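Have a look at the structure first, and then read on.

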Amino acid sequence: MFNNIFKVTSPGVIEKFIDTVEDMDNKVLVKVDTMAICKADIRYFLGNRDINVLNHKYPLAPIHEAVGEVVKDPTGTYKKGDKVILVPNSFDDKFYSDNSNRRCHRKDLGDNYYPKAVFRSSTADGFLRNYYTCSPDLLVKYDESIAPSIAVFSELLSVATAALRRIDFNEVEKLALFGDGIMAYIVYIMLRYDHPDLDLTVFGIDDHKLEAFKDARTAKFEEYKGEKFDTLIEAVGGKFSADAINNMIDLSIPGADLILMGVNEEKSPINTRLVLEKGLSLKGVTRSTKQDFEHVAKALNDKGVQEALSIMVLSQNKINNVGDIYKCFEADINNKTEIGKNLMHW
Amino acid sequence: MNIALILAAGSGTRMGNADKPKQFLPIYGKPLMIHTIEAFEINDDVDKIVIVTNEQYIDQVKVWCKQYDLGKVRSVVAGGNSRQISVYNGLKAVEELVSSPDDIIVIHDAARPLISQKIINDNINVCKEFGAVDTVIKASDTIIRSKDNEIISDIPNRNELYQGQTPQTFKFKIIKDAHEKALKEAIPNVTDDAKLVLSFGIDVHLVEGSAQNFKITTFDDLMMLKALLKLGKTEVVL
């Protein structure tokens with residue numbers, strides 16, 4: 001069967017390609033339903049990465065946040081019509097035997113950190129296609145009562161879950177979340193789901209965006225006069241991530257844990273003197289595992305999670321041609337005021 | 001009930017490949033017609049499939065249906081020496097499957113493998129309301145009419161012109177009656193079902209097709225398909 005797949009071929013250019021759907025023997029055929037654009041997709045689309053890296057990547061189909069519906073499953077794992085989250089990462093068992101990957105065996109880190117692990121829309125084509133075939137273990141079923149426009153945020157939620165996995169919550173008394181954008185909001189949703197009684201303060205700069213964090217204390221760094229924190233999560237990214245990390249270092253108590261989630265293409269100058277003085281631990285988190293997706297599939301059943309995610313649906317757009325895809329990318333690129341995404345579906 | 005009638009009985013004489021008609025040519029290891037049928041197999045609104053093919057290929061097509069797990073295929077029947085007879089033979093097989101005269105029959109050329117799910121869905125939905133549907137795309141080139149192949153007789157207004165594609169979709173009673181009347185009245189070699197239905201005074205509604213839904217008729221068309229697919233095989237894995 002033939003399949004349409006859309007790829008970024010050079011900065012600002014998306015083209016349609018026709019591909020054949022892979023052999024089905026041990027694979028599930030999924031009709032891709034709803035897709036969301038990630039900041040990483042926007043970086044590839046705009047060409048905002050090192051040109052040598054980009055020249056190796058193009059042409060590359062974007063999108064790693066997607067849900068779909070099972071069309072056929074010769075393996076018998078899923079039924080026709082099952083709603084599934086597409087897991088964008090995969091790795092090869094042989095990575096286990098490479099000693100240089102020994103730390104990736106740890107459960108708190110996860111297999112997605114193997115240097116050769118494949119991640120859709122980064123080291124392999126993403127989900128901007130009509131149909132997708134994969135092994136059954138790269139899908140996670142979600143309840144059919146949940147709207148695809150809600151479930152499409154699963155990949156983001158899984159990364160938040162991965163970040164929270166790196167924290168020993170028995171040791172947490174006061175947690176600070178830095179950021180008022182999409183990733184911070186997603187972390188806030190998972191924190192409220194997994195740890196509803198946690199003392200949580202969200203630091204941001206935009207009053208309008210901070211209003212979304214209804215069940216948390218919100219603050220601005222310059223005005224904050226309260227107690228310092230034992231656990232701090234950075235979900236800012238980009239050019240402001242260095243400022244955020246330094247603010248977090250200032251607001252840390254000795255021995256605090258700092259979780260870094262934001263992607264910055266530039267190197268961030270940080271106050272290592274204070275890191276040493278306070279004995280801080282910094283952990284990087286940007287990749288989730290299938291187990292994180294499974295946790296998210298359960299969280300999606302929670303009405304509070306669904307309600308919190310619903311404000312992130314800025315628009316739903318039917319994609320009939322490449323022009324419709326451009327419009328969604330432009331809408332997400334130009335959105336500076338709202339926490340949310342312009343979703344695409346076929 | 002919605003039944004797809006796939007026409008795969010062409011001779012392939014325009015392909016310059018007389019020993020194997022175009023619909024049987026392998027594309028990435030799979031016969032062209034199977035790619036087409038798979039598009040109907042996975043469509044939620046298509047309940048059953050009937051294939052019309054060359055008599056000597058019937059057994060082979062049945063094997064392929066099993067090999068490629070095409071569970072909706074209910075019947076593989078022989079075509080005739082014209083498109084009209086092939087469709088009629090298919091309709092006779094369809095008659096054994098229909099449960100109502102209003103069941104919808106989606107007639108599609110096996111040699112149009114790039115059919116989209118949207119076109120199939122639009123055909124079925126519009127047919128439910130109006131009973132007769134043709135898939136078209138707006139004519140992009142100026143169409144010239146010449147009666148003697150030497151001078152222009154007429155240049156019709158392009159805004160009123162479309163190029164016909166398939167599927168052509170009809171309620172069963174409408175298409176069956178039209179074919180039976182054509183046989184009775186000895187209307188010869190009708191190459192288009194929409195034209196046949198139209199000739200009996202029934203309105204045929206338009207559904208927007210796609211340039212991608214082109215028919216593999218000539219060697220150049222096959223090259224075009226292969227070129228499109230070759231571009232598509234550029235998956236990057238670092």
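This is a predicted model: local features need pLDDT of at least 70, side-chain atom pairs count only at pLDDT 80 or more; totals for chains, interfaces and linings use all residues.

Residues are numbered from 1 along each chain as its sequence is written, while chains are lettered from A and ligands numbered from 1 in the order in which they are written.

Let us begin with the core. The largest nonpolar core has 159 residues; such a core is a set of buried Ala, Val, Leu, Ile, Met, Phe, Trp, Tyr and Cys residues joined through C-beta atoms within 7 Å. Buried means that 20 or more other C-beta atoms lie within 10 Å of the residue's own, exposed means 12 or fewer, and partly exposed is in between, with C-beta atoms placed from the backbone. The members that touch the most others are A:V30, A:I85, A:L177, A:I186, A:V187 and B:L5. Helix α5 (residues 182-194) of chain A gives the most to this core, 11 residues. Helices (H or I, at least four residues) and strands (E, at least two) are DSSP runs numbered from the N terminus.

Chain A is divided into domain 1 (2-153 + 312-345) and domain 2 (160-284), with bounds from an automatic or database domain assignment. Their C-alpha centres lie 28 Å apart. In all, 8 residues of domain 1 of chain A are in contact (C-beta atoms, placed from the backbone, within 7 Å) with 12 residues of domain 2 of chain A.

| Helix of chain B | Buried residues |
|---|---|
| α2 (residues 58-67) | B:V61, B:W64 and B:C65 |
| α4 (residues 117-130) | B:I119, B:I120, B:N123, B:I124 and B:C127 |

In α4(B), the buried residues line one face of the helix, because they fall within an arc of 130° seen down its axis; the arc is that of the directions from the helix axis to the C-beta atoms. Their cover includes β1 (2-8), α1 (32-41) and β6 (104-109) of chain B. Just after α4(B), B:G131 takes a positive phi of about 90°.

For α2(B), B:D59, B:V63, B:K66 and B:Q67 are exposed on the other side. Elements covering its buried residues include β4 (48-53) and β5 (73-78) of chain B. B:D69 follows α2(B) with a positive phi, near 60°.

Note on methods
Two residues are in contact if their C-beta atoms, placed from the backbone, lie within 7 Å. The expected span of a helix is 1.5 Å times one less than its number of residues.
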